[in-house]
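Hi,

Here is the structure I said I would pass on to you. Have a look at it first, and then read my notes below.

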Amino acid sequence: MPTRFDLPADFRWGASTAAYQIEGAVDEDGRGPSVWDVFAARPGAVRDGHTGRTACDHYHRYAEDIALMRELGLDGYRFSIAWPRIQPTGAGPANPAGLAFYDRLVDALLAAGITPLPTLFHWDLPQALEDGGGWLARDTAYRFAEYTEHVVDRLGDRVPAWITLNEPFVHMVFGYALGTHAPGRTLMLEALPVAHHQLLGHGLAAAVLRERGHQVLIANNLTPVWPAGDDPADVAAAAAYDALHNRLFTDPLLLGRYPDLSAFGVAEDLGGSVRPGDLKLISAPGLDGLGLNFYNPTRIAAPIGPELPFTEAEIADVPRTAFGWPVVPDSLRELLLGLRERYGDALPPITITENGCSVEDRVAPDGTVDDRFRIDYMASHLDALAEAVAQGVDVRGYYTWSLIDNFEWAEGLGRQRFGLVHVDFETQRRTLKASYAWYRDLIAVHRKRFRS
């Protein structure tokens, strides 16, 4: 049992999930269709034709899943609220049955001694809003603020802190630029207005939250960017990628400006989408925390074609997850120290809102799941996190991805498993993995250390 993680007494331990990936019940209690319902129905869009129609059936089994969280000893649970459950068309009055589900969920979490940490948008935009332009349309940001009001006015008496957006970079790139995620658009650089409208939505929603006295966070997917070599062309390509992946969604929040995107042939107004006052709203003081979703570093080389000013290069001679992602734990420490160096006093406290790995987990004949690779992944990344904390970076908590195996977006069900708990998607049987016991014991050891 590892005890080397020197973290503060009030460090918070949690786990994360997302609505479309676990809830199922897509046609129940007035929920409207999301972009993921429509995208997953397209032939070939999701591996093996899988959808989130049932997923982990968490909508009906949330009490069972909360019991697993309580046994783990979690301080907090990060989940997302399905916008189509609250506003089936993305506008207008709230759906009482949709709000009632999250009422029950929040109350059950609190009864188990677990603090809810809701994410307002984790990629499941109501399809009706996508039909009107989705995040390419400025109006979607205002609809997001309206939706936020409905949710916070119902749950805010029990929920102290909120995450506005999850991984806006990933949603923009995979959903609007490359088309491998919902809504499946292939706009390449013409997708950049999506960045601004998501951040504008964050700013508008944050104003709603602050007005009601709540804490505001955002969860960004960030990565250390390494040039493939010392060649100035590789260095320039890495700087361009860093601006796109890391700075595009962080500089406006913390510095009040967009990074230099001239390498992409894009002006500071992101194709005319930035209007006077927008950046002031986006960077309004009061961001209470930066959620950091971290999985791996990225190596970048000079471009081999005219379309983009960079090419992703392989990171050789390191372990890889089932997704093929390189495992370089110390890069988390590097990223955390780099954020402090880049943003200084403007950097709010950090919470690791996602960190984990996909493993080809199987239930053995004796009913166990030995996922030693995941344990090693988590332990080594927590070690790197603790080193960053020792060097002065303010990190308040760690939420692993994910509590349970789930619908893994375009990879569907069962192939890419991130959970501490194995899910048989045919029977919905939950089986605890070795990593579940390891994480439970780690949390217990941390608490005992400060009680003695």
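Let's start with the rings: there are 31 aromatic pairs in this structure. A pair here means rings of Phe, Tyr and Trp (its six-membered ring) with centres within 6.5 Å, called stacked when the planes are under 30 degrees apart, edge-to-face when over 60 and tilted for the rest. Take Trp83 and Tyr147: their ring centres are 4.7 Å apart and their planes sit at 10 degrees, so this pair is stacked. Trp83 belongs to helix H4 (residues 83-86) and Tyr147 to helix H7 (residues 139-155), so the pair ties together parts that are 64 residues apart in sequence. (Helices are DSSP runs of H or I with at least four residues, strands are runs of E with at least two, and both are numbered from the N terminus.) Both Trp83 and Tyr147 are buried, where buried means under 20% relative accessible area, exposed means over 50% and partly exposed is in between, using a 1.4 Å probe and protein chains only.

Before I go on, two notes on where this comes from. It is a predicted model, so local features need pLDDT of at least 70 and side-chain atom pairs count only at pLDDT 80 or more, while totals for chains, interfaces and linings use all residues. Residues are numbered from 1 along each chain as its sequence is written, and side-chain values use heavy atoms, with hydrogens and water left out.

Phe121 lies in strand E3 (residues 115-121) and Phe144 in helix H7, so their pair ties together parts that are 23 residues apart in sequence. Phe121 is buried at a relative accessible area of 0%, and Phe144 is buried with 0% too. There is also a cluster, in which ring pairs link Tyr20, Trp36, Phe39, Trp123, Phe407 and Trp409.

What about disulfides, meaning pairs of cysteine sulfur atoms within 2.5 Å? The structure has zero of them. Cys56 counts as buried, at 0% relative accessibility, and Cys357 is buried with a relative accessible area of 0%.

Now the charged side chains. A salt bridge is a side-chain nitrogen of Lys or Arg within 4 Å of a carboxyl oxygen of Asp or Glu, and by that rule the count is 36. In one of them, Arg447 meets Asp75 at 2.6 Å, N to O. This pair links distant parts of the chain, 372 residues apart: Arg447 is in helix H15 (residues 434-451), and Asp75 is in the loop between helix H3 (58-72) and strand E2 (76-80). Arg447 is partly exposed at 29%, whereas Asp75 is buried at 16%.

Another salt bridge brings Asp103 and Arg154 together at 2.5 Å, N to O. Asp103 is in helix H5 (residues 96-111) and Arg154 in helix H7, so the pair ties together parts that are 51 residues apart in sequence. Asp103 counts as buried at 13% relative accessibility, while Arg154 is partly exposed at 32%.

Then there is Glu411 with Arg415, at 3.5 Å, N to O. Glu411 is buried at 17% and Arg415 is partly exposed at 45%. Finally, salt bridges that share partners join Asp361, Asp371, Arg374, Asp405, Arg417 and Lys433 into one network.

Cheers

Definitions and conventions: A disulfide is a pair of cysteine sulfur atoms within 2.5 Å.
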